[in-house]
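Please keep the sequence and the structure at hand while reading.

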Amino acid sequence: MATPAISERLADFTLGLSLEEVPVGVALRAKHLLLDAIGCAFAARREEFAGRMIGSVIRLAGPGARGVIGSRQRLPLRDAALANGVLLHGLDYDDTHAAGVIHLTVSVFPAALGVAANVAASGAQLLSAYIAGVEAGARIASVVKGGFHQVGHHPTGVVGAFASALAAGQLLKLSHERLVSAQGIALSFASGNLQFLEDGSWTKRLHPGWAAACGITAASLAQDDIPAPREAYEGRFGLYRSHLPPTELAACDFSLTTAGLGRTWELENVAVKPFPACHLLHGCADAAIALHRQGVDVERVRSIRALVPEGAIKAVCEPVASKRRPKSDYDAKFSVPYAVASGLTRGRLGLAEFLPAAYSEPRIEKLMDKVEYVVDAASTFPRHYTGEVEVTLDDGRTLRHREAVNRGNPERPLTNADIEAKFFENCSLTLLESAARRIRDRVLSIEKSSALELETTLCAD
């Protein structure tokens with residue numbers, strides 16, 4: 001017998017998964033990942049990018065039935081998913097599946113929330129669909145071992161479309177054949193490009209919400225039996241062969257798409273961010289902060305070396321001149337020189353450090369000019385987002401600190417209590433504590449209510 005296509009095996013897993021089959025600890029962690037993302041959305045909702053981007057969506061879409069987090073605005077299903085993706089991901093403070101180098105919650109959750117509310121699903125069904133989407137998406141992305149980034153594709157947008165289609169398909173109760181088709185349809189929609197790295201522009205913020213909208217559309221079209229390719233992933237023009245050059249394709253392991261489905265839980269390998277910046281620079285940021293706490297006098301610094309994983313260099317180190325002079329908050333979020341300079345000087349890298357006055361401060365610019373990067377030959381990337389900072393002082397002394405396992409990594413995780421503290425800190429920027437507590441309680445007891453009740457709680461201004 002012929003080996004089933006990857007899309008067939010992922011459909012089998014997705015349709016066979018219910019919350020009762022998910023280990024209690026995994027389900028609890030899933031709820032905390034949702035809580036983390038929701039806190040990021042509330043922190044973002046009054047940012048300029050949020051107002052302008054969501055305003056554009058509103059003008060294009062017109063009124064609808066689905067909610068936008070932190071707002072009384074109601075939009076059509078796909079447009080609400082797009083808007084929510086912008087809010088969840090816009091500060092770059094959301095979780096990352098380490099091996100896949102992908103943000104999954106911010107695409108899968110908007111798709112699942114909108115569809116679940118649309119079909120009057122329970123909170124348990126919503127959570128199950130979210131977990132299924134994350135499990136599948138993490139595996140699809142892990143196949144390439146960071147290869148998408150090397151050729152300019154952003155897996156959050158590309159793979160997020162497939163993960164969202166699976167989550168939406170479970171909630172729509174698609175048949176096996178229709179869920180296979182949904183993945184084939186998603187192949188024609190999946191997109192996400194890294195050109196924003198060149199000028200710090202805003203387009204990355206659109207990727208997860210667009211992926212969610214694509215996934216919803218793919219599942220809906222499949223519901224009407226639209227014929228679609230079966231070999232969406234491994235086919236001659238499937239995801240991997242169409243998106244990767246021969247060198248990157250040769251490193252792929254297609255077996256990872258379905259490895260351990262239902263037995264091992266990739267959701268436990270999702271890293272929660274301690275900094276609102278690209279995850280690839282977190283190791284260097286923490287190393288710089290550690291040196292600051294050791295008392296490094298930045299006025300005596302002669303030179304700085306940052307050891308960075310080879311797979312991260314294109315995103316956070318090059319072009320060097322641009323990384324040393326961020327033109328926007330997004331530029332700064334993808335700059336190792338800035339992360340190191342802020343960490344050494346201030347001992348922190350929080351939301352306030354991505355305001356224009358912070359990244360353009362003269363003493364910070366002076367220090368950024370001293371930061372050089374080298375490839376970290378000992379890095380275990382993408383398993384760990386390593387970072388090391390070496391500072392040479394004016395008297396010739398050298399000080400260094402290494403982060404072999406980045407903080408927040410599954411091997412050095414932020415606890416569920418840490419996530420709750422981060423949630424309340426983020427919500428405090430735009431929300432009363434009493435309202436934040438109501439949201440926390442609703443999310444952590446999601447299986448006891450309906451998806452519509454969750455949406456209503458999240459979308460009250």
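The sections below take up a helix pair, then aromatic pairs, then charges over rings, all in a predicted model.

## Packing of H2 and H6

Helix H2, residues 24-44, and helix H6, residues 123-142, have axes that come within 11 Å and cross at roughly 90°, which makes H2 roughly perpendicular to H6. On the H2 side the contact is made by Ala27, Ala30, Lys31, Leu33 and Leu34, and on the H6 side by Leu127, Tyr130 and Ile131. Sorted by class, the contact of H2 with H6 has seven nonpolar residues, one charged residue and no polar ones.

## Aromatic pairs

The count of aromatic pairs comes to nine. One of them joins Phe196 and Tyr330 in a tilted arrangement, with 6.0 Å centre to centre and 55° between the planes. This pair links distant parts of the chain, since Phe196 lies in the loop between helices H9 and H10 while Tyr330 belongs to helix H16, 134 residues apart; both Phe196 and Tyr330 are buried.

Tyr240 and Phe254 form another tilted pair, at 5.1 Å centre to centre and 35° between the planes. Tyr240 lies in helix H11 and Phe254 in the loop between helix H12 and strand E4, so the pair ties together parts that are 14 residues apart in sequence. Tyr240 counts as buried at 0% relative accessibility, whereas Phe254, with a relative accessible area of 23%, is partly exposed. Together with Phe148, Tyr240 and Phe254 form one aromatic cluster.

## Charges over rings

Lys333 lies over the face of Phe354, at 4.5 Å from the ring centre, and Arg437 lies over the face of Phe424, at 5.0 Å from the ring centre.

Terms used: Residues are numbered from 1 along each chain as its sequence is written. This is a predicted model: local features need pLDDT of at least 70, side-chain atom pairs count only at pLDDT 80 or more; totals for chains, interfaces and linings use all residues. Side-chain values use heavy atoms; hydrogens and water are left out. Axes are lines fitted to C-alpha atoms, for helices over the stretch in contact, and angles run from 0 to 180 degrees between N-to-C directions. Helices (H or I, at least four residues) and strands (E, at least two) are DSSP runs, numbered from the N terminus. Angles under 35 degrees count as roughly parallel, over 145 as roughly antiparallel, 65 to 115 as roughly perpendicular and the rest as oblique. Contact means heavy atoms within 4.5 Å. Ala, Val, Leu, Ile, Met, Phe, Trp, Tyr, Cys and Pro count as nonpolar, Asp, Glu, Lys and Arg as charged, and the others, Gly among them, as polar. Rings of Phe, Tyr and Trp (its six-membered ring) pair if their centres lie within 6.5 Å; planes under 30 degrees apart count as stacked, over 60 as edge-to-face and the rest as tilted. Buried means under 20% relative accessible area, exposed over 50%, partly exposed in between (1.4 Å probe, protein chains only). A charge sits over a ring if NZ of Lys or CZ of Arg is within 6 Å of the ring centre and within 35 degrees of the ring normal.
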